[in-house]
Amino acid sequence: MQPFRRRVLYIPGYDPIPPRRYRELYRREGAQQASISGYGLSLCARVDRTGFGWGAAGDFSDGAARAEFEVLIWADIVQGSMGRGILATYGQLVRTAWAYIGSGALFRLMRLRRGPVIAALYPIVVLLAQLLVALLAGWLVGWLAARFGGWWLGLPLMAATAWGGLVLWRRLDGRIFAHYLMHDYAFTAEQGGAYPAALEGRVAQFTDRIADVLQGDWDEVLIVGHSSGAYLAVSVLADLIRARRVPADGPTLSFLSLGHVVPMASFLPRADRLRADLAYLSTRDELYWMDVTAPGDACCFGLCDPVAVTGVAPADQKHPLIISAAFTQTLSAEKQRALRGHWFRLHFQYLCTFDRPGDYDYFAITAGPQTLAQRFAGRAHSPGRITTPAGPGNREKVSA
């Protein structure tokens, strides 16, 4: 029998790292998951070599599959938004804090999950603490220098020490992630939730690319969006379907959103485009949409229905199916201890090995012989699904 044929198009979150890291992550973690779960999985060559990606061959008890992966890249846009000096980052801090506090978005977000709100406040608190430490160090050095050599020496030493402290903190950001996260939230909030022109252009390119892939001879075209990439995928797919670019006799179109942070964007005042896309996509028959999060992931809105919590759920909402990755059940106590405190690593757990696997298995989903809808047929929402309409979309629907 011919193996099941799948095309996977992956949209990363706000990530400046080159896309090859995703291939290496898939290779390493996939081999571990296959060993634990008892199926075959190996990397292989692609037939369609457009863009950056890799191939995978899966051998499961219910059949074989061949998958070709492609990463839809926007890391260059991320890198451009991060190319700012220290003073500019503190300017971002002020503007971003005001964007969320002044619009009331922060208080609406707090009604859903505290974890991602704390994660959003983390860079603000840490950057202010770094500034305070640098200023105190500068004042101490300046005071000592002034005491023994006069203020003509103390003032420049105070300024140099304070600035040097801020530079040192930034060099340590690979461990602290305060500057990185500040850039991330600032990028989302810069235009009040509206997409910057460069990102709108990339959304259009992604839409064209998926439309091209849907013309191919595949059994399933699977779109995977992780973190911020989840809401970008929502807009891409909404544009694709609105333009009637999903062939009726083409491959099955599936959408897997992982660790979404949709409310961080959709709750902002100018996110009208995203809110409309969420409402539209939730009713469409052209695709199957499943959303996977975990309450243990402090960087996502665990078990929050992204459509419902935004306040734009129509009466005929069909999607998404809300599934929990249930870290406390699917990760052993030893692995949970090893990951404790590594909240950024936990945010990528959806793409990694589960040593006590449940029904969510990223590698079986992407390299197995069933479509997403077939694999989760009859599956109900996970207990604890949150549908509280906390976003501004609820007010807009009422006023309309």
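Visitor: Which residues of E5 lie on one side and which on the other, and are they buried or exposed?

Guide: Start with the term. Buried means under 20% relative accessible area, exposed over 50%, and partly exposed in between, with a 1.4 Å probe and protein chains only. Strands (E, at least two residues) and helices (H or I, at least four) are DSSP runs, numbered from the N terminus. Now the case. Glu220, Leu222, Val224 and His226 on one side of E5 are all buried, and so are Val221, Ile223 and Gly225 on the other. Both faces of this strand are covered. E5 spans residues 220–226, and seven of its seven residues are buried.

Visitor: What kind of model is this, and how are residues numbered?

Guide: This is a predicted model, in which local features need pLDDT of at least 70 and side-chain atom pairs count only at pLDDT 80 or more, while totals for chains, interfaces and linings use all residues. Residues are numbered from 1 along each chain as its sequence is written, and side-chain values use heavy atoms, with hydrogens and water left out.

Visitor: How many bridges join E5 to E6, and how do the strands run?

Guide: The rule for pairing is that DSSP finds at least two bridges between two strands. E5 and E6 (residues 252–258) run parallel, joined by seven bridges. Val221 stands opposite Leu253 of E6. The chain passes from E5 through H10 to E6, a right-handed β-α-β crossover. Right-handed means that, with the strands pointing away from the viewer, the path from the first strand over the helix to the second runs clockwise.

Visitor: Which strand is joined to E5 by six bridges?

Guide: That is E1 (residues 4–11), again running parallel to E5. Val8 stands opposite Leu222 in E5. Ile11 has Gly225 of E5 as its bridge partner.

Visitor: What is the order of the strands in the sheet?

Guide: Eight strands form an open sheet, ordered E2-E3-E4-E1-E5-E6-E7-E8, with mixed pairing. E2 (40–44) and E8 (321–324) stand at the edges; each has a single partner strand, so one side of each lacks a neighbour in the sheet. Neighbouring strands are turned by 20° against each other on average, direction ignored. For such angles, axes are lines fitted to C-alpha atoms, for helices over the stretch in contact, and values run from 0 to 180 degrees between N-to-C directions.

Visitor: Which residues touch the most other members of the largest nonpolar core?

Guide: In soluble globular proteins, nonpolar side chains tend to be buried together. A nonpolar core is a set of buried Ala, Val, Leu, Ile, Met, Phe, Trp, Tyr and Cys residues joined through side-chain atoms within 4.5 Å. The largest one here has 63 residues, and Trp74, Ile223, Leu253 and Phe255 touch the most other members. Helix H10 (residues 228–242) gives the most to this core, with eight residues. A second, separate core of 43 residues includes Leu25, Ala56, Leu331 and Phe376.

Visitor: What is Leu253 in contact with?

Guide: Contact means heavy atoms within 4.5 Å. Leaving aside neighbours within four places in sequence, the contacts of Leu253 include Leu214, Val221, Ile223, Leu237 and Tyr288. Thr96, in helix H3 (residues 86–102), is another case to read. Thr96 is buried at a relative accessible area of 7%. Beyond residues up to four places away, Thr96 touches Met182, Tyr185, Ala186 and Ala189.

Visitor: How many disulfides does the structure hold?

Guide: A disulfide is a pair of cysteine sulfur atoms within 2.5 Å. The structure holds zero. The closest cysteine sulfur to that of Cys299 is in Cys300, 7.9 Å away and too far for a bond. Cys299 is buried, with a relative accessible area of 12%. For Cys352, the nearest cysteine sulfur is that of Cys299, 14 Å away. Cys352 counts as buried too, at 1% relative accessibility.

Visitor: Where does His347 lie?

Guide: His347 lies in the loop between helix H16 (343–346) and helix H17 (362–367). With a relative accessible area of 5%, His347 is buried. Apart from neighbours within four places in sequence, the contacts of His347 include His226, Asp297, Cys299 and Cys300.
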